[in-house]
Amino acid sequence: QVQLVESGGGLVQAGGSLRLSCAASGRTFNSYHMGWFRQAPGKEREFVAVISWSGGSTRYADSVKGRFTISRDNAKNTVYLQMNLLKPEDTAVYFCAGDLNYVTLKCNYWGQGAQVTVSS
């Protein structure tokens with residue numbers, strides 16, 4: 001069993017930056033692909049980014065490519081999402097995803113979510 005706890009959400013003005021963290025429990029973190037999804041009010045949850053277990057491979061949604069960066073520190077059992085040049089349309093609850101399939105993007109574990117609000 002893996003537990004995921006997000007932190008770092010908040011309110012920021014358009015053009016600003018935030019960094020989300022996801023701390024994972026469990027000894028198998030280093031073997032999991034990890035990712036981030038988001039869900040805006042009235043919309044379905046959507047993929048944001050995924051990182052391979054080693055950190056050597058990443059993939060992003062077109063809407064965040066060039067602005068967001070996913071990374072991980074396996075020694076700390078933590079995955080990060082650095083978000084730059086934020087836009088109002090980035091406003092959503094951001095969820096950490098654990099044991100993610102790199103191709104299908106299905107995952108076995110979810111965090112509780114962190115609210116990110118971008119004001120115009």
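**Exercise 1. Work out how much of the protein chain is buried, and how its fold is put together.**

Step 1: Start with burial. Of the 120 residues in the protein chain, 45% count as buried, where buried means under 20% relative accessible area, exposed means over 50%, and partly exposed is in between (1.4 Å probe, protein chains only). Keep in mind that this is a predicted model, so local features need pLDDT of at least 70 and side-chain atom pairs count only at pLDDT 80 or more, while totals for chains, interfaces and linings use all residues. Residues are numbered from 1 along each chain as its sequence is written, and side-chain values use heavy atoms, with hydrogens and water left out.

Step 2: Now the secondary structure. The protein chain has eleven strands and zero helices; both are DSSP runs numbered from the N terminus (helices H or I, at least four residues; strands E, at least two).

Step 3: Check the overall dimensions. The radius of gyration, taken over C-alpha atoms, is compared with a globule rule of 2.2 Å times the number of residues to the power 0.38. For the protein chain the radius is 13 Å, close to the 14 Å the rule gives for 120 residues, so the chain is as compact as a globular protein of that length. Its C-alpha atoms fill a box of roughly 40 × 25 × 25 Å along the principal axes.

Step 4: Finish with contacts (heavy atoms within 4.5 Å). Among those with a separation of 6 or more, 55% are between residues 24 or more positions apart.

**Exercise 2. Trace the salt bridges of Asp 90.**

Step 1: Searching the whole structure turns up four salt bridges.

Step 2: Take Arg 38. Its side chain meets that of Asp 90 at 2.9 Å, N to O. The pair links distant parts of the chain, 52 residues apart: Asp 90 is in the loop between β8 (78-83) and β9, and Arg 38 is in strand β4 (residues 34-39).

Step 3: Take Arg 67. Here the salt bridge to Asp 90 is 2.7 Å, N to O. Arg 67 lies in the loop between β6 (58-60) and β7 (68-73), so this pair ties together parts 23 residues apart in sequence.

Step 4: Look at accessibility. Asp 90 is buried at 1%, Arg 38 is buried at 6%, and Arg 67 is buried at 9%.

Step 5: Join things up. Arg 38, Glu 46, Arg 67 and Asp 90 are linked in a network of salt bridges.

Step 6: Asp 62 is exposed, at 66% relative accessibility.
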